[in-house]
Amino acid sequence: MTAFDFSTLQPDLIIDALQQLGLDVSSGLSALNSYENRVYQFSAYRGDALKPEKFVVKFYRPQRWTAEQLQEEHHFAFELAAADIPVVAPLKVNGQSLLQYGGYYFALFPSRGGRTLEIDNDEQLAMLGRFLGRLHQVGKVKPFNHRPAFSVESHLLQSREVLSALQFIPSYLRPAFDTALDQVIALCVKQYKPTSLIRLHGDCHAGNLFYIDQGPFFVDLDDCRSGPAIQDIWMMLSGDRMQQRDTLELMLEEYEQYCEFDPSELKLIEPLRAMRMVHYMAWLARRWQDPAFPMNFPWFATDKYWEQQCLALKEQLYLLQQAPLSLVPDY
């Protein structure tokens, strides 16, 4: 079985996999920023082409998603592309988008560049609102059958099990950390009650969005899940409550040109923020045996980081105890 940490994914294997697709690689493999998977940009001649084309190949982390879950991600991308919604869908080779070689699942994409989305740019945020409205319009058409949903179980309870066994959390901090974590989880159990789940991008933050003059786009849907619509919106909110409300109003005005938004989902923002925070800590812990993680996240093993996380949990607990963000101004 292929290792969970990509230890057997060597350059020769990657080149061989690409050659099996009829691609004559004419450049080196340039690693792109991805910790969960291994992603490389390259140029190659395809068929009798006189000029090389630029491609991106993504090798999925083994044992993370099943073949059915990966294929469902691809089908969602194809649905969006068919609706003229800007997402970079995988290429099909002999009718297949999910490819295999050397024990790995992988996919091939056209290389597409763009600028980073500016979350303080009203024009770009308005475009993003329209983009997400169109994306969710397609996401509502049918459910995922294999991809999981955002849940307290997956993001908080399972994460707590991982963190309870983690040796990096210093003993002097453990009681305060565990108490804050348990209190956050208890409130999220009460507050996270979504009434409608749709297919989402799932990890919609500025780092996963690119922008060209025609508008924003996603390069892939690696983290797509089922969840409430607000999950793809709340990470664009920053600043104090007034600033968050202004951004929300701007985005939703454009969003609702394509897709109706349920204002009751605003009360899910802080539970979702807590779920993301705790899940991220547990994600780093789960991946720590991958050599790329200690190299890129050395602060994860320091007392200072866990002191900061303990404080962040207490601050999140306070936010969970406040009235939810509303489109009606506070007085």
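**Close-up views of a predicted model**

**View 1. The hairpin of S9 and S10.** Strands S9 and S10 make a hairpin, and two residues lie between them. The coordinates shown in this and the following views come from a predicted model. S9 covers residues 209-212, and its pairing with S10 is antiparallel, over four bridges. Within this pairing, Phe210 has Phe217 of S10 as its bridge partner.

View 2. Strands of a sheet pair through backbone hydrogen bonds, in either a parallel or an antiparallel sense.

**View 3. Arg134 in helix H3.** Arg134 is a residue of helix H3. The relative accessible area of Arg134 is 23%, which makes this residue partly exposed. Neighbours within four places in sequence left aside, Arg134 is in contact with Ala83, Asp84, Ile85, Pro86 and Tyr258. Ala323 is 189 residues from Arg134 along the chain, and the C-alpha atoms of these two residues are separated by 30 Å.

**View 4. The salt bridge between Glu254 and Arg130.** A salt bridge joins the side chains of Glu254 and Arg130, with an N to O distance of 2.9 Å. Glu254 belongs to helix H6 (residues 241-255) and Arg130 to helix H3, so the pair ties together parts that are 124 residues apart in sequence. Glu254 is buried, at 13% relative accessible area. Arg130, with a relative accessibility of 25%, counts as partly exposed.

**View 5. The salt bridge between Asp182 and Arg160.** The side chains of Asp182 and Arg160 also meet in a salt bridge, at 2.9 Å from N to O. Distant parts of the chain are linked by this pair: Asp182 lies in helix H5 (residues 174-191) and Arg160 in helix H4 (residues 152-164), 22 residues apart. Asp182 counts as partly exposed, at 37% relative accessibility. Arg160 is partly exposed as well, with a relative accessible area of 31%.

**View 6. The salt bridge between Arg46 and Glu53.** Arg46 and Glu53 form a salt bridge in which the closest N and O atoms are 3.1 Å apart. Arg46 has a relative accessibility of 39% and counts as partly exposed. Glu53 is partly exposed too, at 30% relative accessible area. Strand S3 (38-46) and strand S4 (53-59) each supply at least two residues of the lining of the largest pocket.

**View 7. The salt-bridge network.** The structure holds 19 salt bridges. A network of salt bridges links Glu36, Arg38, Lys58, Arg61, Arg64, Glu73, Arg147, Asp220, Asp222, Asp223, Arg287 and Asp290. Among these residues, Glu36, Asp222 and Asp223 are shown again in the next view.

**View 8. The largest pocket.** The largest pocket contains about 1500 Å³ of space. There are 46 residues in the lining of this pocket, and those closest to the pocket centre are Glu36, Asp203, Asn208, Asp222 and Asp223. Of these, Glu36, Asp222 and Asp223 are part of the network of salt bridges. Strand S3, strand S4, strand S6 (104-110), H4 and helix H7 (269-286) each contribute at least two lining residues. H7 gives the most to the lining, with seven residues.

**View 9. The largest cavity.** Two cavities of 30 Å³ or more are found in a search of the whole structure. The volume of the largest cavity is about 40 Å³. The residues that line the largest cavity are Lys193, Pro194, Thr195, Asp262, Ser264, Glu265, Lys267 and Leu268.

Notes: Residues are numbered from 1 along each chain as its sequence is written. This is a predicted model: local features need pLDDT of at least 70, side-chain atom pairs count only at pLDDT 80 or more; totals for chains, interfaces and linings use all residues. Side-chain values use heavy atoms; hydrogens and water are left out. Two strands pair if DSSP finds at least two bridges between them. A salt bridge is a side-chain nitrogen of Lys or Arg within 4 Å of a carboxyl oxygen of Asp or Glu. Buried means under 20% relative accessible area, exposed over 50%, partly exposed in between (1.4 Å probe, protein chains only). On a 1 Å grid over the protein atoms alone, a cavity is a set of points where a 1.4 Å probe fits but cannot get out, and a pocket is an open set with protein on both sides within 12 Å along at least five of seven lines; lining residues have an atom within 4 Å of a point. Grid points are joined across faces, edges and corners, and a volume is the space filled by probe spheres set on the points. Contact means heavy atoms within 4.5 Å.
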